[in-house]
Each structure stands twice: as structure tokens, then as C-alpha cells.
Amino acid sequence: MSSIVRTALVTGAAQGIGKSIALQLAKDGYQVAITDLPFQGAKAEETVEEIEKLGSKSLFIPTDSSKRSELFDAVEKAHKELGSFNTIVNNAGIAQISPVVDIRPEDLSKISDVNIGGTIWGIQAAVKKFEELKQPGKIINAGSIASHQGFGALGLYSASKFAVKGITQSAAKELASRKITVNAYCPGIVLTPMWDLIDEKMGSYTGTPKGETLKQYIEGIALGRGATPQDVANLVSFLASEKSDYITGQSFLVDGGLVYN
């Protein structure tokens, strides 16, 4: 890291992967603003405290990433309160478990608004601020192994993450001339509450006991274990650093060898 103080905004960072990303960026020398839904406020404030213990400034901005205006406001507040703005990590997302034949219109709207809309609005908000500041910037989106391969009972989730991969490529092409890079990290089986939910819900469709779906997926990982949130944060650390300045439009798998592209 250079001696210049940098600021990142990480969405959906009260817990799980987002929290690990926020803490890692703080270790890398970033000031870190985090967002999450208002009901996650207590957990988010704990994350802020942990960041501040690392010696970095931080703040929590209650935000619904499906709401365009709220993401624009979050970027504005991050810049105003922390004094700079260099990187956004569009991490916030949800999973839905349902066979394709059971998908309802409201399911499609909900996951699209958060996973696709939240990514687009985050990109737009960051670009607006980068242009106001007349500086380059980094945009880092949350993809998934489901950005590269569709998974049974995760049709909508897979579709939304395929969309994130496409948006990442399109935005990278559009923004390269402005020296703004756009990349995505694509986690596999990360041992967080989201995968506990996926395991439970998929088990109800397949008739397998709790833990069995997760076990079957992990058995397919070449490195023999599920990911930790830190495994993902390590990749984001690289994408947020100068070491990735010549990389854009890419969606990097971080899955221990489960999906191969």
C-alpha cells in the first residue's frame, strides 16, 4: 500500500464474508465504511469497533442495497465522513433455494433487486464519486461459483450471479478509459450462515438430512475443505491493491478447486 490514505465502502459487511473483507482492507491500510440492513446494526457496530481497533477509521451506514438512492447516499456519506473514496466492494447479496419450476414472480423480483440491482447501483454510485473527485477507482463485485455454473435448486441465485459476471465485464469495458477497474470475486462453499441456510433448504427438497448437502459439496473440492471468509478476503485484498491495476473485467474463482473455467 502507498502512504496515501484510501477509503473503501463494503456493502453487506455486518457479518460473514463482508465483515472479513472489511477487516482485511483495514489491515491493508484502508479506512472502511460498511453498510448493511438496519436490523443488523448491532453486528455492524461490532465490525466498526474491530476495524477501529486495527487503527483505521470506520463507520456504519444503514443501507438497503436494493435501493439506488440509499447506495448513492452511502457513498456520499463515506466520502464526507472519511475524507476520501477509492474503492467499493459490492458484497451485499441474498440466496434463494427453489427448483426452477417453483419460482414465483416475487422471488425473481427480490433476488434481482438485491443481487443485480445492488451491484448496478453500487457501480453507478462509485463512478459518480470517482468522476467528481477526478480520480481512478476500483469496483469489486460479489460473484459466485454460480457465476460460472448453474446449480440445481439455485436457479435464480445462479441467474443473478451470472448477471453479476456479465455486468462486471460490461462495466470494465465501459470504464477502462476512465482508469476505473471492475472485477469480481467468486466464492465457492464458504462456511457462513448463508451456506447453513442453503444446506437446510436444499435438504428439504432432496430429502437429505441437515449437513448432508454441505458434506457432498465439500467432498467435491480438490483442496478438501470449505472456504473461510478470510480466504475470500485475501483475494479482495489483492483486487483492491495496486498489484491488480492491470486487471479488469475478470471474475475470479476462490473455491478450493470445485468449479473449473
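Buried means under 20% relative accessible area, exposed means over 50%, and partly exposed is whatever falls in between (1.4 Å probe, protein chains only). Everything here comes from a predicted model, where local features need pLDDT of at least 70, side-chain atom pairs count only at pLDDT 80 or more, and totals for chains, interfaces and linings use all residues. Residues are numbered from 1 along each chain as its sequence is written, and side-chain values use heavy atoms, with hydrogens and water left out.

**View 1. Lys 77 on helix H3.** Lys 77 sits in helix H3 (residues 68-82); helices (H or I, at least four residues) and strands (E, at least two) are DSSP runs, numbered from the N terminus. With a relative accessible area of 36%, Lys 77 is partly exposed. Leaving aside residues up to four places away in sequence, Lys 77 touches Leu 59 and Ile 61, a contact being heavy atoms within 4.5 Å. Ala 33 is 44 residues from Lys 77 in sequence, and the two C-alpha atoms are 8.9 Å apart in space.

**View 2. Strand E3 and its partner E2.** Strand E3 (residues 58-62) has four of its five residues buried, so the rest of the structure largely encloses it. Strand E2 (residues 30-36) runs parallel to E3, and five bridges join them; two strands pair if DSSP finds at least two bridges between them. Ile 34 stands opposite Phe 60 in E3. Together, E2, helix H2 (residues 41-53) and E3 form a right-handed β-α-β unit. Right-handed here means that, with the strands pointing away from the viewer, the path from the first strand over the helix to the second runs clockwise.

View 3. E4 pairs with strand E1 (residues 6-10) in the parallel sense over three bridges, and Leu 9 has Ile 88 as its bridge partner in E4. With strand E5 (residues 137-142), E4 also makes a parallel pairing, over four bridges. Ile 88 stands opposite Ile 139 in E5. From E4 the chain crosses through H4 to E5, and this β-α-β crossover is right-handed.

**View 4. Gln 96 in its loop.** Look for Gln 96 in the loop between strand E4 (87-90) and helix H4 (105-133). Gln 96 is buried, at a relative accessible area of 14%. A polar atom of its side chain lies 3.4 Å from the backbone oxygen of Asp 107. Setting aside residues up to four places away in sequence, Gln 96 touches Asp 107, Lys 110, Ile 111, Ala 153, Leu 154, Leu 156 and Tyr 157.

View 5. The buried residues of H5 include Leu 156, Tyr 157, Val 164, Ile 167 and Leu 175. Among the elements covering the buried residues of H5 are H4, E5, E6 and E7. Now for the backbone: most residues other than glycine have a negative phi. Ala 153, in the loop between E5 and helix H5 (155-175), has a positive phi near 70°. Lys 179 isn't a glycine either, yet its phi is positive at about 65°. Lys 179 lies in the loop between H5 and strand E6 (180-187), and counts as exposed at 62% relative accessibility.

**View 6. Helix H6, one face in and one face out.** H6 (residues 193-206) has 14 residues and spans 20 Å from its first C-alpha to its last, close to the 20 Å expected at 1.5 Å a residue. Its buried residues are Trp 195, Ile 198, Asp 199, Met 202 and Gly 203. Seen down the axis of H6, these buried residues fall within an arc of 130°, so they line one face of the helix; the arc is that of the directions from the helix axis to the C-beta atoms. The buried residues of H6 pack against helix H7 (212-219). Exposed Pro 193 and Ser 204 are on the face of H6 turned away from its buried side. Just after H6, Gly 207 takes a positive phi of about 80°.

Technical notes: The expected span of a helix is 1.5 Å times one less than its number of residues. A polar contact is a pair of N or O atoms within 3.5 Å; within protein, one must be able to donate a hydrogen and the other to accept it, and residues adjacent in sequence count only if both atoms are side-chain atoms.
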